Amino acid sequence: MIWLDDRIEVSEEGQGLQGVYAWGIDGDLRGNEARMQGRLPFLTQVDDARVFAARTTNWDLDSKQNLVVFQTEAEAAQHGTQLFSQSKTAILPGQLVVLFGPRFVTNILAIEEPHLSAWMEARKSAQSGFRIVHLRTEDFENLARSISEVAKKCFDREVQRLGGEKLSEKASAALEVLRNTGHAPVYDQAIRALVAEWIQQKPDLYRKTLKLTALRLRKSPEALEQDAKRHLDILLHKGLGPKTVTTAALPVRRSVRPRTHRTSASSKYRYPNALPSWRKGHKSETGNTLHE
Amino acid sequence: MKAAQNPDLPLPWVSGLRPPTPGKDWREATAAWILGDIGKLPSGKRTSQAETGLGIEPSHYWYVLRAERQFGYTVFLSRASIDGWLKESGGMTPFDSGGLWHGFIPANPASIDSETKKSLFNRYNRSLIGWPDAFCDYIAANYDDFKGYIQGLPPRTGSPPIMTSPPSSAQAWTWEARVTRKTFRPEQVQPLKIYWHLAESDHFLNWVETASRYDDPVQEQLTAWVLDSQEICPTSESPAIRAGLDLVKNLQDLGIHR
């Protein structure tokens, strides 16, 4: 639980909740610096020493089922970390307290998507760069999905822009956002993580990601690897159309730079030697030799 | 059938991620719990204060058959051994011992000093030997069925002079099990299930994969365990609520009421 030093007013709009304030948040700060998380609020009332912890978003102060009551603020505070917040935004029943970690904010700004950056900049910074907003559950989930989509597109665009030669800081930030919104499908994350590790030539990490994400997706590592290769191939050949790419069926790391930049013909296909099955001399399932 | 007579005793011990563990983030605490490695997690400051005050050896703590709703972030269910406990293994109280020491469990008279707290603790403290029978006897004496206890409703008599009406809350009548850090062995309390939100699950598994200090086989073990044992709860609901409903349902499905 996180407790706030400044009380956030609960809107009385049709709810009869005058004098009710958000007192804290059910969640941790530590370990969540890179995340966006939607948490249930803790509430206080004017002239009442108790702290109410909402257990579902359908909270109201008369419900015994959806609230936990701490008899004093001291009792509630023993379970929490204090968060200094300047936010005075009203909160309504049905809403979550959404907490953006400082690293998440930095990554969002690094992506440089104008609307998202402007929206994030408009949120006041709390302690250590954490930012707080209140959103209905469905709005929180929609926001998380939208951010994931922005991050996916940014990552793909960056890989395409640099021809898979290196991973830009923007692409790294996008990947971290993708992994920390909590609503991006694991498959989308996995494919891009594999592409990133392949570009960065991190064979150990690549193998580990492949193994663990295949386990999570209940797919074979081979099938997942094929998907990652296909995704990279599509990115590097965007404009050719997926059909052409599929029939080419070569998970090659083909440079988009003119061949004149190369020292030899064979160097246009560069494979990190240590990468499993993407390395020199590997034969694909279709029998194509992936490297001359 | 009485729960205590059931060989597949569905009386899990329950823990959560509150209070925060100093020096450890929730992902490390979760991994330690799954791996039976909780001995590496340091005690919280307030837990140590209560132990010193009540004369308890440094211990690990669980609630018996109740997911405390204030610990809503992540809920762990564990399968506790029925046999094999020794007198020095730890103990049980029909209330939260830390809550008693820190004054969050009201009693009659309202103000009790440290010595009274200590004597109250000693009066109700019992060994872990035969704990299921003792627990089931308490339920039979205080509730119509397990459901009332799991939902945190007040007992009929409870543990006098601890109050069973407001301002007392479920902390004052939830059974607490403890195993001393010195004697704890992972096989005594084994991880059974984890309740959390999808965001926590994804984040934890991403952390295991990319940022944890564990070797590959341990990473695989953690991932496989989570995939097999997790219950994903809706964002709009605390995992403790879902865990509580499941605890009731599991007992009802087995025809166990008290």
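Reader: Which residues in α4(A) meet which residues in α6(A)?

Author: This is a predicted model. Helix α4 of chain A spans residues 137-161, and helix α6 of chain A spans residues 186-199. On the α4(A) side the contact is made by A:K152, A:F155, A:D156 and A:V159. Their partners in α6(A) are A:D188, A:R192, A:V195, A:A196 and A:I199.

Reader: Are α4(A) and α6(A) roughly parallel or roughly antiparallel to each other?

Author: Their axes come within 11 Å and cross at roughly 25 degrees. The crossing is left-handed. Angles under 35 degrees count as roughly parallel. The two helices are therefore roughly parallel.

Reader: At roughly what angle do the axes of α4(A) and α8(A) cross?

Author: Helix α8 of chain A covers residues 221-236. Its crossing with α4(A) is right-handed. The axes come within 8 Å and cross at roughly 65 degrees.

Reader: Which residues of α8(A) does α4(A) meet?

Author: The contact of α4(A) with α8(A) has four nonpolar, two polar and one charged residues. From α4(A), the residues taking part are A:D156, A:V159 and A:Q160.

Reader: How are α7(B) and α8(B) oriented, roughly parallel or roughly antiparallel?

Author: Helix α7 of chain B runs over residues 198-210 and helix α8 of chain B over residues 216-229. Their axes come within 9 Å and cross at roughly 165 degrees. Angles over 145 degrees count as antiparallel in this rough sense, so α7(B) and α8(B) are roughly antiparallel.

Reader: What classes of residue make up the contact of α7(B) with α8(B)?

Author: The crossing of these helices is left-handed. B:S201, B:F204, B:L205, B:V208 and B:E209 in α7(B) face B:Q219, B:L222, B:T223, B:V226 and B:L227 in α8(B) across the contact. By class there are six nonpolar, three polar and one charged.

Reader: Which residues line the largest cavity?

Author: Three cavities of 30 Å³ or more are counted. The largest has a volume of about 60 Å³. Its lining divides into three nonpolar, no polar and five charged residues. The lining residues are B:K24, B:E28, B:A32, B:D37, B:K40, B:L41, B:R213 and B:Y214.

Reader: How many charged residues are in the lining of the second largest cavity?

Author: The second largest cavity has a volume of about 50 Å³. B:W33, B:G36, B:I38, B:W62, B:S78, B:F184, B:V189 and B:P191 line this cavity. Six of these are nonpolar and two are polar, and the number charged is none.

Reader: Where is B:P161, which a cis peptide bond joins to B:P160?

Author: Omega for the bond between B:P160 and B:P161 is about 5 degrees. B:P161 is in the loop of chain B between α6 (146-150) and β5 (176-180).

Reader: What value does phi of A:E112 come near?

Author: A:E112 is in the loop of chain A between α2 (102-111) and α3 (114-122). The residue is not glycine, yet its phi is positive, near 60 degrees.

How values were computed: Residues numbered from 1 in each chain as written. Chains lettered and ligands numbered in written order. Predicted model: local features only at pLDDT ≥ 70, side-chain atom pairs only at ≥ 80, totals over all residues. Heavy atoms only, no water. 1 Å grid on protein atoms, 1.4 Å probe; cavity = no way out; pocket = protein on both sides within 12 Å on 5 of 7 lines; lining within 4 Å. Points joined across faces, edges and corners; volume = space filled by probe spheres on them. Nonpolar A, V, L, I, M, F, W, Y, C, P; charged D, E, K, R; others polar. Axes fitted to C-alpha atoms, helices over the stretch in contact; angles between N-to-C directions. Helix = DSSP H or I, 4+ residues; strand = E, 2+ residues; numbered from the N terminus. Parallel < 35°, antiparallel > 145°, perpendicular 65-115°, else oblique. Left-handed = near helix turned anticlockwise from the far one by under 90°. Contact = heavy atoms within 4.5 Å.
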